[in-house]
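Visitor: I would like to go through this structure with you. Could you put it up for us?
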Amino acid sequence: MAKIGTDLNSFILEEERKHPDATGSLTMALMAIEAAAKKIASHVRRAGLADILGKAGTTNVQGEEVQKLDVISNNIMIEHLSACGEFFALASEELDEAIFPEEGKNGKYIIAFDPLDGSSNIDVNVSIGTIFSIQRKINGTQEDFLQEGKNQIAAGYVIYGSSTMLVYSTGSGVNGFTLDPSVGMFLLSHPDIKLPEKGKIYSLNESNYKKWDEPLRKYVDHLKDEGYTARYIGSMVADVHRTLIKGGMFGYPADKKNVNGKLRLLYEASPMAFLIEQAGGKSSTGKDSILDIKPEKLHQRVPVFLGSKYEMDLLEKYMNE
Ligand code: P6P
């Protein structure tokens, strides 16, 4: 296992050396994501100052239009993911259709991402994040994105919280890197993350309780009877990060109003499910693993439950009664 403090680039290169047939494409791809993450972090850290420089959507003192942070983040991701030449296609929460960068015409990967998830929390300084999911290019069309999550080559997120962390997996476990602003490098801080078998926290938006199906209500009541505490930040990256570290469960269920839930399969549920399962936890729509779903549309929503084995097995028991 790599030692604490190893910088991300050294870690990525070390991982590449473990695969003799590696061409270095995934290395370049991950390093492009790292560069974009650092740039986005610098903008997020200054978000509160936009008022001084001119609120998003207005013009600042230089007379330039101040862009919303999620638009800025989306542009940064597109810039770096295109320039690295490793991605044949990009799909973003911010774009209706996939784009095919000229530089990536020989790329063997495709990437789906949410450039800044939870951006509505920026105004109240709550942690937000970038989420990404890398798949292999197949036929070179937008349909290549419609692969099951279990095929993911890599997945991860950046959380802009009390510190900036990049957490990712290429299928051999999950590692977390913390940005050291004094050197501008991501350093290994959470090697080989594993969820506890059982946690003490449940995380759902209980304002929707009355709209949930009866089995789900009974499940949540059971957790309360077992003495679980409730934590709900309302920012998926933050709620999932806490679940990855402390265990328990997070969910955004379907309900009478949102029959498929709210979260998107390709660039929210699927990458997070990949990470949670790589860390020894389980994912579910309430019926089956999120990683087994065959997507039909780029931006389709899916009910999401992620967490420790105990809480997820209990959920499936209630949901399949
Ligand atoms: P609600 C943030 O807007 C987001 O997309 C996710 O990050 C978060 O988990 C969810 O929506 C919160 O939704 O309905 O509970 O406010």
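Visitor: How many salt bridges does the rule find across the interface of domain 1 and domain 2?
Guide: One is found there, where a salt bridge is a side-chain nitrogen of Lys or Arg within 4 Å of a carboxyl oxygen of Asp or Glu. The model is predicted, so local features need pLDDT of at least 70 and side-chain atom pairs count only at pLDDT 80 or more, while totals for chains, interfaces and linings use all residues. Residues are numbered from 1 along each chain as its sequence is written, and side-chain values use heavy atoms, without hydrogens and water.

Visitor: Which side chains meet in a salt bridge at 3.6 Å, N to O?
Guide: Those of Lys150 and Asp292.

Visitor: Where do the two domains lie in the chain?
Guide: Domain 1 covers 8-190 and domain 2 covers 201-319, with bounds from an automatic or database domain assignment. Their centres, taken over C-alpha atoms, are 23 Å apart.

Visitor: How many residues are in contact?
Guide: In domain 1, 44 residues are in contact with 28 residues of domain 2, contact meaning heavy atoms within 4.5 Å.

Visitor: And what area is buried between them?
Guide: About 2,700 Å², of which carbon and sulfur atoms give 66%; this is the accessible area (1.4 Å probe) that two parts lose on being put together, summed over both.

Visitor: Which residues of domain 1 lose the most area to domain 2?
Guide: They are Ile131, Leu146 and Tyr157, together giving 23% of what that side buries.
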